[in-house]
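Please prepare a short report on the structure shown below.

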Amino acid sequence: MEENTNKPGLFEKGGKLWFLHSTIDAFDTFLRVPATVTSRGAHVRDAIDIKRVMIMVVIALVPAAIFGMWNVGYQHDLFNGDLPGLFDKFWFGLLKVLPLFVVSYVVGLGIEFASAQIKGEEVNEGYLVTGFLIPLIVPVDTPLWMVAVAVAFAVIFGKEVFGGTGMNFLNPALLTRAFLFFSYPSKMSGDQVWINGLPDGVSGATPLTHMLDHSGDVATGLENMPSVSDLVIGTIPGSVGETSIIAIALGAILLLWTGIASWKIMLSSVIGALLVGWLGNVFGVTNVPAYYQLLLGGFAFGTVFMATDPVTSAQTECGKWIYGFFIGALCVVVRLFNPGYAEGMMLAILLMNTFAPLIDYVVTSRAASARAKKGQIA
Amino acid sequence: MSNIINLKRGLDIPISGVAAQITGKRIVPDIVAVKPTDFKGFAPRLLVREGDKVLAGSPVLADKQRPSILVTSPVSGVVTEIVRGEKRKLLEVRIKADKEQMAVDFGGKGVGSMTAEEIKDLLLKSGLWVAFIQRPYGIVADPEASPKAIFISAFSTAPLAADTDFTLKDDLAAIQTAVEALAKLTKGGVHFSIRGETSSSSPFHKVENVIQHVISGKHPAGNVGIQIANISPIKKGETVWTVSLLMLAAIGRLLNTGKLDLSRKVAVTGPLAKDPCYVDAFPGMPMSAIADKVDTEKGAVRYISGDALTGTNVGENGSLGFFDDQVTLLHEGTERELLGWAKPFRTSQFSSSKAYFSWLFPRKKYAMDTNMHGGLRAFVVSDVYSKVLPVDIFPIYLIKACLAGDIDKMEKFGIYELLPEDLALCEFVDPSKNDIQSILQDGINLMIKEMA
């Protein structure tokens, strides 16, 4: 290990390329487990590390990504009829979606590496997940420069200014989407953006748009919905990765089994959405049954992959129930009562991200005072 | 009276090298080290010089603030060396033991007729007062204080820990004597926790005149701090004392015979221990005395006095700590595993997380080493820590409060209840690889400074 004690190595402190050490270190530890041994505290440590945690989430996202690519081709084929085979559709979608991945990772990781270098810290793996999420939650035709600008905004102002992964309070992938949505609404909503190759004058709206009939006739919402089987399989227009309940469920199984995502958040979010969906149904706001709320739009994807982000969700176990419930409930409230904006999941999660610390504060304070009152026996 | 507590949360770390219940050899004292660093909250003043003759029980160190608290020599012999570190910090007093061992006779007239003051005096003079650890903060107890209660854990659940049912089975009478004495030092009674899984076969369920608790569960169920938190949580302003069973036996022997006898069975454990078993030894035993039990073929060895989670890395030339009855021998894991985190199976590594597959082999033991298995990160995941901490507090909130140095929050999140050893498992499972124990210790040190 002792190479030359007089002269620092190229990437060591004092070396010529010291300014690149975080980058070198990131690639080095990516390939090989670092040789660091425990110096204080427990002498043995669990084999798990953040790299493993993050790669599990990425693996969980793969089914949704693959289905999403195929669905891009499928939706294109519906209107153009030029992609006959299964592989043709997938390949078409891959070529459309891959640039989104490249832009998301190049811009995001570039900023991550630079800020790690500035702070003199190791590069955090958190962006591996964020960078994978972003292409899956935007329409396939989102211009790449918009994605780049939004990623830069979200990573710098949503994460790095707070100290990087683990310190941010808003989910950076959703912040990217929110930035796109409010900055370039014409590319992020409406009935023209969801399908590649949509002919002029044809509506390619997502089923969510039909939730509220704009004529005010609540009875027609359900008639315009695709079948439940289409919604579950995911052969509908939408953001790239959000449409297939089956693909998302595969990811959910992995996340729940490994314990990386909280089942409490997922379950309470479903409960919240069903409750408000049911109330909306009972009081005649819509004629769409409550369970449709789980299948439509970004609800499933958001519940499984975004609401459960361990950094920005509530940290306490009791808080997770409250946090998840309000995400599901608020999502459906936005869907039912805001005719201008069909999708509520993004705003519901971002809003609850900001409230998560408050929820935790209340939960921990109550627990501390309850513990102070606990009986004396000694 | 017995109180049954079943702790659900915890983790038994499956590390290989458990000591067989045989006594491999008897180690004859040669050079014995007295280490002031073993005693928290104890500022040492040296009472001997090189060349002084001492008996077992002769004072070697005194506390600067509370001079009645002494540390005494475990053996009779001659002080050969005083080892100092940076800024002349006193590290060790080395004593060359005599062939014939002689001990100071402190006398004794039977516990029944002794008053609390007489018991305190005897323990202070003999150097066994340091066995009383005060909570909060885990420092040597103040002889003037009157604790709410005294807590004793009669078992350890730490990885590869010495089995007290084996090591102390002959000391039942001494332990009984000691608890009678302790009962006079507190109004709250002596709380004595035995292990639920072995409560009927353990010799210690026969100990009388104690408030018995039967505690079952995985590690850290055997930690006295976890037991206190589940029996009667420590509140602000309260003080309790704890004594380990090992020290309780020494106190009992002192009261019965009038002589200091710190000898003990020490478990030599760990993946690099050859034929792991017990040895008859004493505090301050040099690691060289067990050199024949160390497997040095695989490279650098870490010598730990204590267990793999909370022990002290003493090095090849170090010695056994005052409170320890275990040596753990681990491989220094400096090898760089290629694509370690990305390998799907990685069956030679243990993880409590289902992101690896060690849950498929619940009985497998792992030859763990000292590699960190990852780089330092900010806290990311939130629910792994409380799964290994059977106390209703929020460990990461406490740790973040310690990092911030925020006294109010440290109080709110339970700084009075826990010592670093109680959060050792949180540190083990942490994917972000934070040194949780030392962060908590820094928080405790800040509390001691600010609340003094």
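B:Pro220 is placed in the loop between β14 (211-216) and α4 of chain B. In this predicted model, the peptide bond that joins B:His219 to B:Pro220 is cis, with omega near 10°. A cis bond also leads from B:Arg135 to B:Pro136, and there omega is near 0°. B:Pro136 belongs to the loop between β10 (133-135) and β11 (139-140) of chain B. B:Tyr137 lies in the loop between β10 and β11 of chain B as well. The phi angle of B:Tyr137 is near 85°, a positive value in a residue other than glycine. Such features deserve mention because most residues other than glycine have a negative phi, and most peptide bonds are trans.

**Contact between the chains**

The size of an interface is often given as the accessible area lost when the parts come together. Between chain B and chain A, the buried area is about 6000 Å², and carbon and sulfur atoms give 55% of that area. Three residues, B:Arg336, B:Trp341 and B:Arg377, supply 16% of the area that chain B buries against chain A, more than any other three residues.

Six salt bridges are counted between chain B and chain A. B:Arg377 forms a salt bridge with A:Glu125, with the closest N and O atoms 2.6 Å apart. Residue pairs in polar contact across the interface number 26.

Over all chains, the whole structure has 29 salt bridges. In one of them, the side chains of A:Glu317 and A:Lys264 meet at 2.6 Å, N to O. A:Glu317 lies in helix α13 (residues 317-337) of chain A and A:Lys264 in helix α10 of chain A, so this pair ties together parts that are 53 residues apart in sequence.

**Pockets and cavities**

Rolling a probe the size of a water molecule over the atoms shows where empty space is left. The count of cavities of 30 Å³ or more comes to five. The table sets out the volumes of two spaces.

| Space | Volume |
|---|---|
| Second largest pocket | about 940 Å³ |
| Largest cavity | about 280 Å³ |

The second largest pocket is lined by 37 residues, and those closest to its centre are B:Leu11, B:Ser352, B:Ser353, B:Lys354 and B:Lys387. Chain A takes part in this lining too, with at least two residues each from α9 (245-258) and α10 (263-282). The largest share, three residues, comes from α9(A). The lining of the second largest pocket divides into 18 nonpolar, nine polar and ten charged residues.

Around the largest cavity there are 23 lining residues, and A:Met54, A:Gly126, A:Val129, A:Asp309 and A:Pro310 lie nearest its centre. Two or more residues of this lining are given by each of α2 (50-80), α4 (126-136) and α12 (299-306) of chain A. The most come from α4(A), with four residues. By class, the lining of the largest cavity has 14 nonpolar, seven polar and two charged residues.

Note on methods. Residues numbered from 1 in each chain as written. Chains lettered and ligands numbered in written order. Predicted model: local features only at pLDDT ≥ 70, side-chain atom pairs only at ≥ 80, totals over all residues. Heavy atoms only, no water. Buried area = accessible area lost by both parts, 1.4 Å probe. Salt bridge = Lys/Arg side-chain N within 4 Å of Asp/Glu carboxyl O. Polar contact = N/O pair within 3.5 Å; in protein donor to acceptor, adjacent residues only side chain to side chain. 1 Å grid on protein atoms, 1.4 Å probe; cavity = no way out; pocket = protein on both sides within 12 Å on 5 of 7 lines; lining within 4 Å. Points joined across faces, edges and corners; volume = space filled by probe spheres on them. Nonpolar A, V, L, I, M, F, W, Y, C, P; charged D, E, K, R; others polar.
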